[in-house]
Amino acid sequence: MQTGQIIRALSGFYDVQSEGRIYRTRARGNFRKRKITPLVGDFVEFESESETESGYILEILDRKNEMIRPPVANIDNAVVIVSAVEPAFSLNLLDRFLIYIESLHMQGLVYLTKTDMISDQQYQEISDYLAYYAKIGYQIFAPRTAFTPEIITAIEDTFPHKTTVFTGQTGAGKSTLLNHIDPSLNIATAEISQSLNRGKHTTRHIELIPLNDGLVGDTPGFSSLGLLNVTIETLVDRFPEFREIGQGCKFRTCQHVMEPKCAVKEAVDSGEIMQSRYTNYLQFRAELKDIRPVYKKSK
């Protein structure tokens, strides 16, 4: 029996990487009865006679996290690709991605694309916003000149010994960036729909690609993004600066809305917390209040 990680899933087969080799496998027959589905990124125990003959996945080891879309497990880093223009830069959408990443305990990185299509003033405004995210713990890549060797090296330096996914708004340039990192990938890209200001979906499946001693995946883009894997009770913990500054609130369970002596609201007023972060937090709370729980009918 061997241990490895699933790096590709296609038509019921799972390619497992183990000690530098790739083995093609199928899931064990009783997985379906146990309602278990292997995911790309899963660490598994498997048996295989050789790399050329199909083996079998015997057991899936515990997952540390699992994305909903696409279904991929055990991610260390998530690089959120945000576009400066076409589609338009959106702090609201960026915050949606980041609270999802926080819920899965992944390290969030932010990469700004299409900076060559905006003015110096627009670039400075966006850079000022992103400087705040760097201050609260997110690694930021915002090159004025796109895809320079220096910036490609900087992003590659985050890959070793990690599983990284690239995610973000459709058309923001995820696949283009990966093609610059490794031109041999030749990942399909598509133009922006001018009428909808959205990109066309080009990524059809999830695959983890060995790059710079790590594994990297390109994921399908989002034209819009709901609030994933969060409730109104847990939302406040998805904002790292709220967690830290909120320790100074009068009430331990402060939600930073109407409570007196709220350290978070004071930090917003003083400019320590960026206003858009707090505004988005209140908007997300309002959205979550409107989400009704679904109850299954008893048999």
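This is a short chat about a predicted model of a protein chain.

Me: Before we start, what kind of model is this, and how are residues numbered?
Reply: The model is predicted, so local features need pLDDT of at least 70, side-chain atom pairs count only at pLDDT 80 or more, and totals for chains, interfaces and linings use all residues. Residues are numbered from 1 along each chain as its sequence is written, and side-chain values use heavy atoms, with hydrogens and water left out.

Me: Great. How many helices and strands does the chain have?
Reply: There are eight helices and 13 strands. Helices (H or I, at least four residues) and strands (E, at least two) are DSSP runs, numbered from the N terminus.

Me: And what share of the residues is buried?
Reply: Buried residues account for 49% of the 299 in the protein chain. Buried means under 20% relative accessible area, exposed over 50%, and partly exposed in between (1.4 Å probe, protein chains only).

Me: What about contacts between residues at least 6 apart in sequence?
Reply: Of those, 66% join residues at least 24 apart. A contact is heavy atoms within 4.5 Å.

Me: Switching to strands: which ones close into a barrel?
Reply: Five do, in the order 1-2-3-5-4, and the pairing is mixed. From one strand to the next, the twist averages 55°. Axes here are lines fitted to C-alpha atoms, for helices over the stretch in contact, with angles from 0 to 180 degrees between N-to-C directions.

Me: Strands 1 and 4, parallel or antiparallel?
Reply: Antiparallel: strand 1 (residues 2-10) and strand 4 (residues 43-47) share four bridges. Gly-4 has Val-44 of strand 4 as its bridge partner. Two strands count as paired if DSSP finds at least two bridges between them.

Me: And how does strand 5 pair with strands 3 and 4?
Reply: Strand 3 (residues 21-27) and strand 5 (residues 55-60) pair in the parallel sense over three bridges, with Gly-55 as the bridge partner of Thr-25. Strand 4 and strand 5 are antiparallel over four bridges, and Glu-47 stands opposite Tyr-56 in strand 5.

Me: Nice. Which residues of helix 4 are buried?
Reply: In helix 4 (residues 149-156), they are Ile-151, Ile-152 and Ile-155. These residues are on the same side of helix 4 because they cover an arc of only 100° around the axis. The arc is that of the directions from the helix axis to the C-beta atoms.

Me: What's on the other side, and what covers the buried ones?
Reply: Pro-149 and Glu-150 are exposed on the other side of helix 4. The cover for the buried residues includes strand 6 (77-83), strand 7 (107-113), strand 8 (139-141), strand 9 (163-168) and helix 5 (174-181).

Me: New topic: how many disulfides are there?
Reply: A search of the whole structure finds zero. A disulfide is a pair of cysteine sulfur atoms within 2.5 Å.

Me: Is Cys-262 buried or exposed?
Reply: Cys-262 is buried, with a relative accessible area of 2%. Cys-249 is buried too, at 10%.

Me: Last one: what does Ala-267 touch?
Reply: Not counting residues up to four places away in sequence, Ala-267 touches Ile-245, Glu-272 and Ile-273. Ala-267 lies in helix 7 (residues 263-270) and is buried, with a relative accessible area of 3%. Ala-267 and Ile-245 are 22 residues apart in sequence and 7.8 Å apart in space, C-alpha to C-alpha.
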